[in-house]
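User: I would like to learn how to read side-chain features in a structure. Could you take me through them one at a time?

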Amino acid sequence: MASAAEQLASNLNFAAFAKAEDLKKRIWFTLGALLVYRLGTYIPIPGINPDAFAQAFAGQSRGVLGIFNMFAGGAVERMAIFALGIMPYISASIIMQLMTSVVPTLEQLKKEGEQGRKVINQYTRYGTVLLATVQAYGIAVGLEGGAGIVTDPGWFFKLSAVITLVGGTMFLMWLGEQITARGIGNGISLIIFAGIVAGLPSALSGTLELGRTGALSTGLILAIIVLAVVVIALIVFFERAQRRLLIQYPKRQVGNRMFQGDTSHLPLKLNTAGVIPPIFASSLLLLPATVAGFSDTTAMPGWASSILAALGHGQPLYMALYAAMIVFFAFFYTAIVFNPKDTADQLKKHSGFIPGYRPGERTAEYIDYVLTRITVVGAIYLVVICLLPEFLISATGVPFYLGGTSLLIVVSVTLDTVAQIQGHLIAHQYEGLIKKSKLRGGKR
């Protein structure tokens, strides 16, 4: 079966794609949905002065607002209706994953299959509304605090801003679910992907403009391009890397016949945590600088100013804490999303076992041991991918869009989407082969 699938995958070509009508419809639907998202990032919320906000944002673009602006596709710097982006939904999803590990009721729901998953998804939506409302209210208050940003401050502006921003987030959540169900790829990931990719042309043009004016040498620009290619190659290699544990199933007897036991593999990804560790780490580290940017720094005590300076973007302390937080969140999130005990129980339930290890607790300990070792490698990989561009950014002032986190998201989403397209093409070719065999059988 595996060799047949590989043979079909190797024969995928444009002709096969042209015949896959369902796949083409899914791709067109996905492109149309992403176009709607991009249009929404240019519609500002009512009651603000765009020019005044652009000036205020320019001073904070290197802080946590820069990260949110990258994920929101530039909607933050324009204070558009999609300024909150999809991040409240992602935060609510992570919180729900945490709670399913510590709250027995939610843990039981998780084990109930599809029905339990629907209930947890509904709770996640409620959490998204709550988080988005709190963040939108904070944004509305912050906008009123800026000089000349809000044309008519008051409760009416706060209410309209909250309704608009929360509505934008809920629409994006719905749009992402529609892409996942009726389009191609993961809708939430593709929305973030579209936001990052939309900013790449301006970032590249800004880099070339620095080269034209002499701020960056031609050799340095070429080195940046080479580094980007190397980073992309590393991401592709490590995102595909996995440790496969051999699983065996015992022999079984049906009537008087004895059937040989089956074998399979338990794949453990090298980077189980995905892009969550660098996102969390960079957001937490840039938060103090962003808060200080909105406050009076002259009134700060000397020790606070020294700490703030040491935590500046590109400083040694910032780099060290960034690396430490990436490692911490890599282990922390892996422990949340993958439970060796549950996996061992499922193997035992289906009579599967790892050769040399007793089913149950010993199998769980071995899986945990292997997972810990490969997570060390995965955490080191994330640190290298994220810190190499950070050193380049701090030394040369290259635009933030060329950071390791953005490249990691773009490459990961691209790999997943391409894999889904290939899966659809393989399924289409299988269906074609089955129809041909039935027609031949009918003719005979």
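User: How many salt bridges does the count come to by the rule used here?

Analyst: This is a predicted model, in which local features need pLDDT of at least 70 and side-chain atom pairs count only at pLDDT 80 or more, while totals for chains, interfaces and linings use all residues. Residues are numbered from 1 along each chain as its sequence is written, and side-chain values use heavy atoms, with hydrogens and water left out. A salt bridge is a side-chain nitrogen of Lys or Arg within 4 Å of a carboxyl oxygen of Asp or Glu, and by this rule the count comes to six.

User: Which parts does the salt bridge between Arg 125 and Glu 177 tie together?

Analyst: The side chains of Arg 125 and Glu 177 meet at 3.0 Å, N to O. Arg 125 lies in helix H8 (residues 114-145) and Glu 177 in helix H9, so the pair ties together parts that are 52 residues apart in sequence; helices here are DSSP runs (H or I, at least four residues) and strands likewise (E, at least two), numbered from the N terminus.

User: In the salt bridge of Lys 269 with Glu 239, is Glu 239 buried or exposed?

Analyst: Buried means under 20% relative accessible area, exposed over 50%, and partly exposed in between (1.4 Å probe, protein chains only). Glu 239 counts as buried at 12% relative accessibility, whereas Lys 269 is partly exposed, with a relative accessible area of 37%. The closest N and O atoms of this bridge are 3.8 Å apart.

User: What describes a pair of aromatic rings?

Analyst: Such a pair is described by the distance of the centres and the angle of the planes. Rings of Phe, Tyr and Trp (its six-membered ring) pair if their centres lie within 6.5 Å, and planes under 30 degrees apart count as stacked, over 60 as edge-to-face and the rest as tilted. A search of the whole structure finds ten aromatic pairs. One of them, formed by Phe 238 and Tyr 381, is stacked, at 4.7 Å centre to centre with 20° between the planes. This pair links distant parts of the chain, with Phe 238 in helix H11 (residues 218-240) and Tyr 381 in helix H16 (residues 361-396), 143 residues apart. Both Phe 238 and Tyr 381 are buried.

User: Over the face of which residue does Arg 78 lie?

Analyst: A charge sits over a ring if NZ of Lys or CZ of Arg is within 6 Å of the ring centre and within 35 degrees of the ring normal. Arg 78 lies over the face of Tyr 42, at 3.9 Å from the ring centre.
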